[in-house]
Amino acid sequence: MKIVYLLLTFGMITAFAQADENHEIIEKVMKEGLKGKTSPLAKTLDGSASGDEIKKLSELIATLKGTKAPVGDQAAYDEKVEALVAAADKVAGGAKDDAPLKTLKEASNCKACHKEHKPKDD
Ligand code: HEC
């Protein structure tokens, strides 16, 4: 019987480790890419970011792909992440008109995503 407990414990530790890693990925993107008036996202949206900064931002945002929604519906979260990654990608691709920027602004709506997927005690 002991082996069962051992496996259960191991399973729990693995689950915690994965949740932790998930949180770290999301936190890194939020803090290094999205948060604040001078964040790479803010600079990208107001047009003051360099091509390099925009590319770095899109690469950072792409790490959100495959993360688990801490709360809320996973499919709805995936959809938001997908839209955000695609929009950042498009802007990084150097599109000249304003449409991709507008899409990025909509896809990076902090409140829309946090309301459904950010834990309340965070
Ligand atoms: C596609 C969804 C999504 C979008 C868009 C989004 N966030 Fe988040 N954000 C999250 C999730 C999910 C968490 C909670 C992560 C966790 O607790 O594991 C979070 C957490 C945060 C945190 C707390 C990080 C920490 O754990 O210390 C900050 C700060 C933050 N977001 C800033 C922003 C800002 C600013 C914007 C808009 C410019 C934004 N986010 C847009 C999903 C999003």
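Which residues coordinate the iron atom of the ligand? Select M30 and H114: the SD atom of M30 and the NE2 atom of H114 do it, at 2.0 to 2.2 Å. Donors here are N, O and S atoms within 2.8 Å of the metal (3.2 Å for Na, K and Ca), and since water is not among the atoms, sites may look incomplete.

Before going on, some housekeeping. This is a predicted model, where local features need pLDDT of at least 70 and side-chain atom pairs count only at pLDDT 80 or more, while totals for chains, interfaces and linings use all residues. Residues are numbered from 1 along each chain as its sequence is written, and side-chain values use heavy atoms, with hydrogens and water left out.

**Stop 1: the iron site**

Show all the donors of the iron atom: there are six, with angles of 84 to 179° among them, and the site is octahedral. That label asks for six donors with opposite ones over 155 degrees apart and all others between 65 and 115. M30 is in helix α1 (residues 2–34) and H114 in helix α6 (residues 110–117), so the pair ties together parts that are 84 residues apart in sequence. Helices are DSSP runs (H or I, at least four residues), numbered from the N terminus, and strands are E runs of at least two.

M30 is partly exposed at 26% relative accessibility, and H114 is partly exposed at 31%. The scale is buried under 20% relative accessible area, exposed over 50%, partly exposed in between (1.4 Å probe, protein chains only).

**Stop 2: around the ligand**

Select what surrounds the ligand: 20 residues, the closest being H23, M30, C110, C113 and H114. To be picked up, a residue needs a heavy atom within 4 Å of the molecule. Next, look at polar side-chain atoms. One from H23 sits 2.7 Å from a ligand oxygen atom, and one from K31 is 3.4 Å from a ligand oxygen atom. H114 turns up again, with a polar side-chain atom 2.8 Å from a nitrogen atom of the ligand.

**Stop 3: the loop between α3 and α4**

Where is T67? Look in the loop between α3 (51–62) and α4 (74–92). T67 is buried, with a relative accessible area of 2%. Its side chain makes a polar contact with that of Y77 at 2.8 Å; such a contact is a pair of N or O atoms within 3.5 Å, and within protein one must be able to donate a hydrogen and the other to accept it, with residues adjacent in sequence counting only if both atoms are side-chain atoms. Setting aside neighbours within four places in sequence, T67 is in contact (heavy atoms within 4.5 Å) with N22, I25, I26, Q74, Y77 and D78.

T63 lies in that loop too, and is partly exposed at 38% relative accessible area. A polar atom of the T63 side chain is 2.6 Å from the backbone oxygen of L60. Beyond residues up to four places away in sequence, T63 touches I25 and V29.

**Stop 4: zoom out**

Colour by secondary structure: the protein chain has six helices and zero strands. Its radius of gyration, taken over C-alpha atoms, is 17 Å, well over the 14 Å that the globule rule (2.2 Å times the number of residues to the power 0.38) gives for 122 residues, so the chain is more spread out than a compact globule. Along the principal axes, the C-alpha atoms fill a box of roughly 65 × 25 × 20 Å.

Terms used: Tetrahedral: all angles 85-135°; square planar, octahedral: opposite > 155°, others 65-115°.
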